[in-house]
Structure formats: structure tokens, C-alpha cells
Amino acid sequence: MVRLDGGCTTVGRGQTPTLPEFLFEDRTTTAVSSFPRHPATWFSHLWHEFHQPQEEPGEGFQSPYGEEVTAIATDILDRRADDLFQYVQYWDPHGPYRRSDEEVERFSEYPTPPYPTAEQIEEHRTWDAWRSASEPGVADEGLRHVDADAIEDRAALDELISHYDAEIRYVDRWVNELLDGLREHGTSDETLVVLTADHGEEFGEHGVYREHWSVHDGTQRVPLVVKPPASIEYESGSRDQLVTNVGLAPTIADYAGLELPDAWQGRSLCPLIAGEESDWRDHIVVDHGLYTAQRAVRTDRWKFVRTYNPGHWGGVTSDHQLFDMEDDPWEQTDVSGDHPDVVEELETKLLRWAEDHRSENEDSLRRTTREGPFGIEWGGPYEGV
């Protein structure tokens, strides 16, 4: 949430500042993170206040509840209602799932997604790989609940997804409580609110269960809701343009009336939100480097996936894949052999993008390819499928 009063800043000139660094001199910046002891030093740099809820005795890393996060964030609103940029992070939709049977049961009536099919689940149960159907979770010591039951059929898959849905609804409740706090302060109308996620979860669509592991839409496609200040004209409704999360920082800074740093890769979404006719991009590039080393180019119709290191899923993840997202939105059928011209065009776009956005030394995803994705260490040695 951001209170917007315009202004100017000198933070980060000649550098590549993060959003909190960029806003530091212009407004009060605060964060409430449910990711205690975040290993990246930049994550907590240059906030006026940075809060990390303490885990309860006997609980482990990344286990604070949404109720605790909202309580801290609301207290900040009570103390600093004006000139505030506030980042609030909720962990609960991430595993392990901890909702009650009653909370989970309400989602059992909803239809199970079409993939994976029963036949695909049977195949996935033969995979000797972390997060396959035979091992969708791990015994995370110190946490209240463990998601380690095998996925034997689509009924078990439906149960797992219902747990996930219950966690999302739990967070919805506490986000609403936080927004109610804005209304009580009388600042809701003039506040920019952005609601999004860092990743989605896959539930077997490509053989990996309850994890974010790839450039497939299950991982990459997330909600993005933007409510501009009431003083800004905009057109309500959904948008179909291709955007990425690197556009959020320039969007927030743009609404604040600030001159954007030249080094930022992202592009402000303000023209799209305003409903203006805009010469928008015709493709985006996304990548993943935690469990696999993958990069993808997405257009309105096509997604081209290049896998440089498959992590635990060698043997079932091809080096090159092409999906027709109009006919196959679940990315089930690789049609790269039928459209070599499209593959060539999109791989060229991917390579050009990587060259334009690499660091001074090398493309960081190439380094991940060479050294191996960091996350595969959590699932044991990489032996392939």
C-alpha cells in the first residue's frame, strides 16, 4: 500500500536502486515480512521499519501466521498513516498447509482441474524424484503439520488442492482486515493498493506436486490487482496485455510522480490501468532458477520453453518445448516439431533478451545452469527421473 503525494528523490541516481531504496528519501517505508531470516541482504535494506514476526516455540523457518502479520501491519498504519509505503507479506498459502478440517472441507465441492489425469498420476508415481506423486511433500521438522501423503489418485489430488484453497481464503480474510484499517483511517480512497504473489504452485500438471519449480503457468501466472488512488482516472476491469512483476516498481513510482531510474528493466503499467491505447510489448520473458534453470518466451499465442538444467526432472523435461497457449492452456502437448519457424523466432528473442539484460560478467541463469539450481539440494542428490 502506498500513500501518494508526489515529490522527487535523489536516491539511487547513477545506481540501480530497489524500490525501497528509491522511495527512502521521499516517504516513510515499512515492511512486515513473514519470511524470517531472509538470506538475501538486499531484502531488508533501507526500510525505516522492518518487522519479522517471531516463530512460536517449536515452530520453524517461515511459519508466522497471517493474523500476526496483519496485527503488526495495522499497528504501523495506526502510527504512520500518512506518507507511507508499506510492504506486507503473507506466507500462509505456501506449504506446509495448516488449516482445519472444517476450513478445508468447504472447498471439496469444487471441481478438480483437468490435469493431471488419473493416467498421468499413475505415471508420476513411478518417478523417483522429489515432489513426484509418490513424494509430494517432505517432513519439515518443527512445523505444525506435514504434507507428506502420496498422491494416489485424483481424489487425493483434490484433497491437496482444497488445503491450498483454504490457505488462500485464510489470507484473504487477513488482507481484508488490513484494508478495513485503511478505511477506518479514512485513507483508503487516496491509497494505491497492489495485490500480487511471488509465484504460484503446481499440482501435478507436469509431474511436480505442491511446488513452484518451472516456467510453466502454474508457477509463473499469478494474480495482479491494482487499485489506483481515487484522484487518478482509470478504467476498471481486467486487462489481457502481457506483463511481469518487474513492472510493479516503476508503476508504484510512476503513480507517486517520480522520475524512474533508467536502469530499471520494468515498464510502468499506469497507461494500461488508465485504459489508454498503448503500443505495448508483444512478448515477455520469464525464467526460473531455484529448482531448474529454465527460461521461456511468451506471446499471445505461443510459449517457448528452454531448459538448461532440469534439476531433479531430467529425462522427462525436454531441452526445447513449444506450447500453443490458445489450444493448450495447460501446456500438455509440445508442438515444437510442428512449428520449427516459431521455435527459431522465439529462441532468437530469448537470446537477445538474455544478452540485453545480463550482468557485467554473465547471464546469471547460465551460472545456475553450470553450478546447478540451489533448491535441488533440499530434495537430495540429483539423479534424474
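Y170 lies in helix α5, which spans residues 154-185, helices being DSSP runs of H or I of at least four residues and strands runs of E of at least two, numbered from the N terminus. The model is predicted, so local features need pLDDT of at least 70 and side-chain atom pairs count only at pLDDT 80 or more, while totals for chains, interfaces and linings use all residues. Residues are numbered from 1 along each chain as its sequence is written, and side-chain values use heavy atoms, with hydrogens and water left out.

**Y170 and its surroundings**

- Y170 counts as buried because its relative accessibility is 9%, where buried means under 20% relative accessible area, exposed means over 50% and partly exposed lies in between, with a 1.4 Å probe and protein chains only.
- Leaving aside residues up to four places away in sequence, Y170 touches Y65, G66, E67, D92, R99 and E103, a contact being heavy atoms within 4.5 Å.

**Packing of α2 and α5**

- Helix α2 (residues 66-79) packs with α5 at an angle of about 10°, and their axes are 9 Å apart; axes are lines fitted to C-alpha atoms, for helices over the stretch in contact, and angles run from 0 to 180 degrees between N-to-C directions.
- The two helices, α2 and α5, are therefore roughly parallel to each other, a label for angles under 35 degrees, whereas angles over 145 count as roughly antiparallel, 65 to 115 as roughly perpendicular and the rest as oblique.
- On the α2 side the contact is made by G66, E67, T70, A73, T74, L77 and D78, and on the α5 side by Y170, W174, E177, L178, G181, L182 and H185.

**H212 and its surroundings**

- H212 sits in the loop between β7 (209-211) and α6 (217-220), and H212 is buried, with a relative accessible area of 9%.
- Beyond residues up to four places away in sequence, H212 touches H94, H199, G200, E201, T219, H288, L290 and Y291.
- The C-alpha atoms of H212 and L290 are separated by 8.9 Å, although these residues are 78 apart along the chain.
- The side chain of H212 makes a polar contact with the side chain of E201 at 3.2 Å, and another of 2.9 Å joins the side chains of H212 and E211; a polar contact is a pair of N or O atoms within 3.5 Å, where within protein one must be able to donate a hydrogen and the other to accept it, and residues adjacent in sequence count only if both atoms are side-chain atoms.

- Helix α7 (residues 248-255) is mostly covered, with seven of its eight residues buried, namely L248, A249, P250, T251, I252, A253 and Y255.
- The largest nonpolar core has 20 residues, and those with the most contacts inside it are L19, F22, L23, F85, L258, W264 and L269; such a core is a set of buried Ala, Val, Leu, Ile, Met, Phe, Trp, Tyr and Cys residues joined through side-chain atoms within 4.5 Å.
- The largest share of this core, five residues, comes from α7.
- A second, separate core of 15 residues includes V32, I76, L77 and L84.

**The protein as a whole**

- The protein has 10 helices and 12 strands, and buried residues make up 48% of its 385 residues.
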